[in-house]
Amino acid sequence: MKHQDYIYLSEDYYNKPKQIFSYLLDLLEQNLGSTPPPFFKSKKLLDIGCSRGEFLYFCKKSLKFDTNLLYGLDYSSNLIDEAIKFDGLKGVNFSVGSAENFNLNTQFDIVFMTGVLSYFDDVSDTIKCIDSHLSPNGIAIITGGFNDADVDLITRYRNNRYFNTFEPGWNMHSIHTIRKILKTYKLDIIDIKTFYLSFNSIPQEDPCRSWNIQTENGVKFTNGMSLLYDIRSLIIKRV
Ligand SMILES: C[S@@+](CC[C@H](N)C(=O)[O-])C[C@H]1O[C@@H](n2cnc3c(N)ncnc32)[C@H](O)[C@@H]1O
C-alpha cells in the first residue's frame, strides 16, 4: 500500500466531492472559451494521479463526459482497483503507472494533474510524459503548491501515526523551473489561478490534512508540516 492511500480509501469523495473539483472544471470551461458544455463530450481527458477516480466521476456527473473518453492513471494499484470496482465509473479507462514514466499510446485534449507534482524531486520526466500525451491544441492544468521565488524546495516527511518511513509529496517547485522545462517542449504557462476554499477549515486529527488561515497576505493553506502555501493551477498550452 502506498503511504497516502489511507486518506483516499477512507474518504468518500465520490459522494462528497472536494470543493476543488468544481473550481477545476470552472477553470477548464474558462480556458476552452465560450464553447458550451456538450463540446466536452467529444474531448479526451486524462487525470494523472487520479486516486480512486473521484474527479473523473465528478466530470462525468457534472458535464456528462463520455466515459470512454475519460482516462485515469495512478501508481497505487489499491486505488485503481477501487476505481475499477466502482459502478459509477464503468467504461472509464484506468491504468496503474507512474506519472514519471507512462505511455497510454494516445493523446489528450485535456490533462489534469492535481496534488501530484510535489511528489517528484525532478519534474522533468513528468513534464516529458505530459508533453507526449497532450494533443496539439490540448490544455494541461497542473495544480498544487508552487514557489514564486526561484527556489526548488525538496521535502520528506514522516506522519508517525500513519507510516514509519520518510516520504515525498510536499515539494514546492519553483514556477520558474517548471516554465523553463516546459519551454524545452514548446509548452508554456499561459495563466496561473489560485484556489480558495469558500469556508474556514480547521486542523484535523491527521496533521497532514491542510487547513486555511488568514494572514496579512490573504488566506493561505497550512498544515502540520509547518508549510504555508497557496493552491494554484498552472494552465499550460503549446506555444
Ligand atoms: C494528493 S493525492 C491527489 C489525488 C487527486 N488528484 C485529487 O486531487 O483528489 C496524490 C495522488 O497521486 C498519486 N501518485 C503519487 N505519486 C504518483 C506517481 N509517481 N505516479 C502516479 N500517481 C502518483 C497518489 O497515489 C495519489 O492518488
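Modeller: We begin with residue classes: Ala, Val, Leu, Ile, Met, Phe, Trp, Tyr, Cys and Pro count as nonpolar, Asp, Glu, Lys and Arg as charged, and the others, Gly among them, as polar. By these classes, the shell around the ligand holds eight nonpolar, eight polar and two charged residues. The model is predicted, so local features need pLDDT of at least 70 and side-chain atom pairs count only at pLDDT 80 or more, while totals for chains, interfaces and linings use all residues. Residues are numbered from 1 along each chain as its sequence is written, and side-chain values use heavy atoms, with hydrogens and water left out.

Colleague: Which residues come nearest to the ligand?

Modeller: Of the 18 residues around the ligand, the nearest are Lys18, Gly49, Asp74, Ala99 and Thr114. A residue is near a molecule if one of its heavy atoms lies within 4 Å of it.

Colleague: Which backbone N or O atoms lie 2.8 Å from a nitrogen atom of the ligand?

Modeller: One belongs to glycine 49, and another belongs to alanine 99. A polar backbone atom of tyrosine 75 is 3.3 Å from a nitrogen atom of the ligand. A polar contact is a pair of N or O atoms within 3.5 Å; within protein, one must be able to donate a hydrogen and the other to accept it, and residues adjacent in sequence count only if both atoms are side-chain atoms.

Colleague: New topic: how many disulfides does the structure hold?

Modeller: The structure holds zero disulfides, a disulfide being a pair of cysteine sulfur atoms within 2.5 Å.

Colleague: Is cysteine 59 buried or exposed?

Modeller: Cysteine 59 counts as buried, at 0% relative accessibility. Buried means under 20% relative accessible area, exposed over 50%, and partly exposed in between, with a 1.4 Å probe and protein chains only. Cysteine 129 is buried too, at 8%.

Colleague: Now the rings. How many aromatic pairs are there in the whole structure?

Modeller: A search finds 13 aromatic pairs. Rings of Phe, Tyr and Trp (its six-membered ring) pair if their centres lie within 6.5 Å; planes under 30 degrees apart count as stacked, over 60 as edge-to-face and the rest as tilted. Tyrosine 14 and tyrosine 57 form an edge-to-face pair, with 5.7 Å between centres and 85 degrees between planes.

Colleague: Where do tyrosine 14 and tyrosine 57 sit?

Modeller: Tyrosine 14 is in the loop between helix 1 (5–10) and helix 2 (19–31), and tyrosine 57 is in helix 3 (residues 54–63), 43 residues apart. Helices (H or I, at least four residues) and strands (E, at least two) are DSSP runs, numbered from the N terminus. Tyrosine 14 is buried at 6%, and tyrosine 57 is buried at 12%.

Colleague: Which residues do ring pairs link into a cluster?

Modeller: The cluster consists of Tyr23, Trp170, Phe195, Phe221 and Tyr229.

Colleague: Lastly, what is phi for serine 51?

Modeller: Phi of serine 51 is near 55 degrees, a positive value in a residue other than glycine. Serine 51 lies in the loop between strand 1 (45–48) and helix 3, and counts as buried at 7% relative accessibility. Asparagine 105 also has phi near 55 degrees, but counts as exposed at 69% relative accessibility.
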